[in-house]
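Q: Could you walk me through the geometry of this model, beginning with how the terms are defined?

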Amino acid sequence: MAAAKKTLVIVESPSKAKTIGKFLGSRYKVVASVGHVRDLPKSKLGIVLPEDLENCENTKYADAEAFDPQYINIRGKGDLIKELKKEARNASKIYLATDPDREGEAISWHLAFLLGIPADSPCRIVFNEITSKAVKEAVKNPRPIDLNLVDAQQARRVLDRLVGYQISPLLWRKVSRGLSAGRVQSAALKIICDREKEIEAFVPEEFWTIEAEFNKGKKFTGKLTTFRDDKIEIHNEGEAGGVMADLEKGEYVVRSSEEKDRMRKPQPPFTTSSMQQDAANKLNFSTKKTMMVAQQLYEGVEIKGMGTVGLVSYIRTDSVRISDEAKGAAAGYINENFGKEFYGGTVFSNRKKDVQDAHEAIRPSHVELAPEDIKDMVTKDQYNLYKLIWTRFIASQMAPARLKAVNAVIVNGDYGFRSTGSKVVFEGFLKVMPPAKNGEEDRLLPELQPGEVLVPEDVHSDQNFTQAPPRFTEASLVKDLEEKEIGRPSTYAPIVATLADRKYIKKEKKNLVPTQLGFTVTEMMSRYFHEIVDVGFTASMEEGLDDIETKGVRWKNIIEDYYGILKKELKVANEEIPAYEPEVELTGEKCPLCGRDLAVKHGRYGAFIACVGYPECKYTKPIVQTIDVKCPKCGGDIVVKRGGRGKVFYGCSNYPECNQAYWDKPAGRMCPECGSMLVEKKGKGFEYACSNKECKYRE
């Protein structure tokens with residue numbers, strides 16, 4: 001008797017497949033596409049341009065339209081596609097359960113094409129969180145593939161390809177090999193460079209402040225703010241001395257003291273960008289790391305007594321909306337753990353109500369799993385990010401904090417001093433999210449009566465200078481991009497990494513600093529591709545791309561408008577930009593093969609040494625980077641090396657005579673248990689591990 005056919009469910013990642021497979025049981029087969037299965041070719045533009053169709057009599061583009069993408073199966077995915085087709089043939093039904101966003105919808109559309117599934121059939125299932133209830137509910141409510149979402153993704157992909165594959169080669173020819181331009185990347189680089197120019201052009205201005213220190217049972221400070229009830233500005237030491245002399249002649253009298261009740265409302269739950277910003281500021285996570293750890297929490301973590309559990313809802317969202325079910329769960333948790341008076345149930349609204357509002361904000365999938373409950377079951381990074389998400393969500397559903405604020409005005413003749421203080425009278429959401437120590441919370445002034453004369457303990461003046469605007473950090477850049485409506489949260493993570501890889505920027509501590517190359521590229525892009533890097537134009541393009549998704553606008557119309565501008569700018573740039581002659585950095589050595597000079601060159605995986613006679617002479621050698629660690633086998637230097645695909649490893653400089661090598665960076669210390677080399681391998685509660693796989697030593 002033949003085995004009963006199963007329902008096939010296709011997701012994107014193997015870990016997600018494992019989690020969902022446990023929820024659905026034996027009547028379902030859950031497999032992973034491992035991301036995209038079809039894409040534009042890497043070796044060419046892969047888009048039919050309008051000029052390709054002009055005077056076209058050959059059959060290559062006989063049935064094509066302008067801007068048709070020429071998708072191919074991704075190289076290396078052949079065996080996987082064969083396996084998916086085999087599983088599809090043996091399935092009673094097929095559900096496409098890729099991520100619930102544009103990218104996920106497009107992956108489902110490509111899978112439907114490969115597997116012969118009609119896009120208008122109920123083959124698509126979506127869920128905002130990977131929980132048993134959400135997945136089973138999704139299976140009960142399949143829908144057709146949303147072609148507006150697919151078209152929105154296609155438009156972005158085609159736009160980015162047109163910019164990248166047509167401007168980047170020009171940069172290679174005119175500036176330097178290996179450079180690249182991108183639709184969002186170039187706008188972001190211009191923002192960073194413009195800020196650096198502001199900093200360089202900034203001229204500090206001197207100003208002085210005057211404060212009086214009082215003590216009436218409690219110490220408090222009054223800051224000089226007005227002269228004859230107008231804002232006072234003190235520009236130099238002479239002016240400050242004059243004011244100080246005036247103050248010595250008079251007395252300090254309380255003119256008014258007002259006490260007001262003030263409310264402090266909680267912030268909304270996280271969107272992708274606000275999560276990235278908070279993780280950068282509080283956890284020192286890069287945007288790339290934040291998204292990697294968040295993906296792990298979303299796809300599932302092994303929790304004792306529950307099995308593999310998705311801990312947070314979908315992590316790519318612009319929305320602050322939460323479902324009624326999530327609100328109910330939060331209300332129950334808050335009422336039970338803090339009391340009914342702590343529940344607020346605030347409803348937050350989105351700035352852009354029509355975009356991706358099918359998604360919820362980022363929130364815990366199981367509110368009852370407090371961070372401390374899972375601390376010993378997850379990695380340190382997972383715990384820290386989960387705590388950030390859980391706390392922000394719970395706080396968002398709690399009552400506002402109530403504070404008592406006091407504002408006192410103290411006058412000395414024509415001069416007015418202001419003193420403020422506040423005290424929390426009801427914690428509300430601050431119960432789970434205490435305020436940062438800013439010097440004002442819980443700092444009430446003593447009782448002050450109008451007409452009361454105060455004697456200061458000290459009056460002092462201080463010199464200050466206006467400050468230049470700060471350099472961008474990853475967090476502040478993400479915030480700026482979001483405010484300017486450039487790109488989308490899912491695109492922010494790779495931007496800084498790409499700019500750094502291309503040597504357009506460098507990181508100094510947390511700050512993003514443009515390099516001379518970054519300035520050169522931005523200046524050229526601003527001059528010849530003004531529209532492409534213009535912040536306002538890039539934001540208006542995002543709005544047009546959103547219209548494809550929300551209003552069903554034909555996506556090729558958007559591309560056509562953009563390409564018309566790009567084509568004109570490309571023509572001018574090709575004609576006017578002079579070819580760049582790079583400086584040759586000679587090493588002082590001679591090529592052992594042909595006797596010509598050796599020079600430092602830059603390739604895909606960094607710098608190396610090569611003969612200036614290339615391509616006639618192809619001699620190369622690596623630049624050796626040591627790490628001040630000796631080989632335990634032969635005493636040679638351990639050096640940084642790269643494998644065939646650019647992956648870094650650490651090997652002995654005496655290779656091939658000595659083949660000692662490590663994938664992780666050697667620490668230069670030996671394991672106290674087995675004598676093997678310790679390597680840097682940060683994990684849950686440890687920073688170093690023994691390189692011997694048989695030894696479990698950690699520290």
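A: Two strands pair if DSSP finds at least two bridges between them, and helices (H or I, at least four residues) and strands (E, at least two) are DSSP runs, numbered from the N terminus. This is a predicted model, in which local features need pLDDT of at least 70, side-chain atom pairs count only at pLDDT 80 or more, and totals for chains, interfaces and linings use all residues. Residues are numbered from 1 along each chain as its sequence is written, and side-chain values use heavy atoms, with hydrogens and water left out.

Q: OK, how many bridges join strand S1 to S2?

A: Strand S1 (residues 6–11) is joined to S2 by five bridges, and the two run parallel; Thr7 stands opposite Tyr28 in S2.

Q: And what is the order of the open sheet of three strands?

A: The order is S2-S1-S5, with parallel pairing. Strand S2 (28–32) and strand S5 (91–96) are the edge strands, each pairing on one side only, and the twist averages 25° from one strand to the next.

Q: Which helix lies across S1 and S2?

A: Helix H1 (residues 14–24) lies across S1 and S2 and runs at about 170° to S2. Here axes are lines fitted to C-alpha atoms, for helices over the stretch in contact, and angles run from 0 to 180 degrees between N-to-C directions; contact means heavy atoms within 4.5 Å.

Q: Switching to H3, which residues are buried there?

A: The buried residues of H3 (residues 78–89) are Ile81, Leu84, Glu87 and Ala88, where buried means under 20% relative accessible area, exposed over 50%, and partly exposed in between (1.4 Å probe, protein chains only). Seen down the axis of H3, these buried residues fall within an arc of 125°, so they line one face of the helix; the arc is that of the directions from the helix axis to the C-beta atoms.

Q: What covers that side, and which exposed residues are on the face turned away?

A: The cover over the buried residues of H3 includes S1, S2, strand S4 (72–73), S5 and helix H4 (102–115), while the face turned away from the buried side carries the exposed residues Asp79, Lys82 and Arg89.

Q: Then the packing of H7 and H18: what is the angle?

A: Helix H7 (residues 183–201) and helix H18 (residues 535–551) pack at an angle of about 150°, with their axes 10 Å apart. The contact is made by Arg183, Val184, Ala187 and Ile191 of H7 together with Val535, Thr538, Glu542 and Leu545 of H18.

Q: Backbone next. Which residue pairs does a cis peptide bond join?

A: A cis peptide bond joins Tyr614 and Pro615, with omega about 10°, and Pro615 has its place in the loop between strand S20 (606–611) and strand S21 (620–622). The peptide bond from Tyr655 to Pro656 is also cis, with omega near 10°, and Pro656 is found in the loop between S24 and S25.

Q: What about phi at Phe67 and Lys503, and is each one buried or exposed?

A: Most residues other than glycine have a negative phi, and most peptide bonds are trans. Phe67, although not a glycine, has a positive phi of about 75°; Phe67 sits in the loop between helix H2 (50–53) and S4 and counts as buried at 2% relative accessibility. Lys503, also not a glycine, has a positive phi of about 65°; Lys503 lies in the loop between helix H15 (489–501) and strand S16 (505–508) and is exposed, with a relative accessible area of 55%.

Notes
The expected span of a helix is 1.5 Å times one less than its number of residues.
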